[in-house]
Amino acid sequence: MEVVAEYRLGQEGLQVAVTTTNVGETAAPYGVGQHPYLTAGTDLVDAALLTVPARYRLCTDEHGLPTGEEPVEGTAYDFRTARPIGEQLLDTAFTGLDRDPTGRSVVRLAHPSGRHGIDVRLIEGIRYVQVYTGDTLSEAGRRRRGVAIEPMSCPADAFRSGTALTVLEPGGSNVFRWGLVPWGSP
């Protein structure tokens, strides 16, 4: 596999493109994800407003491995409308992403005032997003200080389960594109 990661910082924030090409002679399984940690300017993430436009979350076993999907509607995991994270512990993968006419899905982390925040634009090759509030970080002082909003092409354990795993044929390529866009003013 040949992987080229391109990062561009400009008027539209940070734009990321990871292009992977199978330069080998046999088909190769492939998955990619990135893990930016974000803050909306609050001491803890509890007061931050989170929006995740996803219809499903992945249920997991005691090892954090996916066991199936569950609709978010009517559950504590329904962040389709902006609301405070509160005391909820999140280490949760979401899927069934709602997209705009251009194919983008936007996860938003906003200050409680609603006047500023950051959007994570899921643009191409992204079928899942993991949201992690850091509750299991080894250093207690770092817990709940930021939220990891992690674009992913496939869920955890995809190499074993095959779920949403991309198989690149020889010469085949995959593009994984996302961005961070700050908005508003403090």
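1. Leaving aside residues up to four places away in sequence, Thr-51 touches Phe-79, Arg-80, Thr-81, Ala-82, Val-106, Val-107 and Arg-108, where contact means heavy atoms within 4.5 Å. Thr-51 belongs to strand S5, residues 49-51, and strands here are DSSP runs (E, at least two residues), while helices are runs of H or I of at least four, both numbered from the N terminus. Thr-51 counts as buried because its relative accessible area is 16%, the classes being buried under 20%, exposed over 50% and partly exposed in between, with a 1.4 Å probe and protein chains only.

2. The model is predicted, so local features need pLDDT of at least 70 and side-chain atom pairs count only at pLDDT 80 or more, whereas totals for chains, interfaces and linings use all residues. Residues are numbered from 1 along each chain as its sequence is written, and side-chain values use heavy atoms, with hydrogens and water left out.

3. The largest nonpolar core has 31 residues, and those with the most contacts inside it include Leu-50, Val-52 and Val-107; such a core is a set of buried Ala, Val, Leu, Ile, Met, Phe, Trp, Tyr and Cys residues joined through side-chain atoms within 4.5 Å. Among the elements that give two or more residues to this core are strand S10 (105-110), strand S11 (116-124) and strand S12 (128-132). A second, separate core has seven residues, including Leu-58 and Cys-154.

4. Val-107 touches Thr-51 and, among others, Leu-50, Val-52, Val-120, Val-129 and Ile-149, again not counting residues up to four places away in sequence.

5. The count of aromatic pairs comes to one. The rings of Tyr-37 and Tyr-132 have centres 6.4 Å apart and planes at 75°, so the pair is edge-to-face; rings of Phe, Tyr and Trp (its six-membered ring) pair if their centres lie within 6.5 Å, and planes under 30 degrees apart count as stacked, over 60 as edge-to-face and the rest as tilted. The pair links distant parts of the chain, with Tyr-37 in strand S4 (residues 37-38) and Tyr-132 in strand S12, 95 residues apart. Tyr-37 is partly exposed at 44% relative accessibility, whereas Tyr-132 is buried at 10%.

6. The largest pocket is lined by 20 residues, with Gly-64, Gln-130, Met-152, Pro-155 and Ala-156 nearest its centre. On a 1 Å grid over the protein atoms alone, a pocket is an open set of points where a 1.4 Å probe fits, with protein on both sides within 12 Å along at least five of seven lines, and lining residues have an atom within 4 Å of a point. Strand S9 gives the most to this lining, with three residues.
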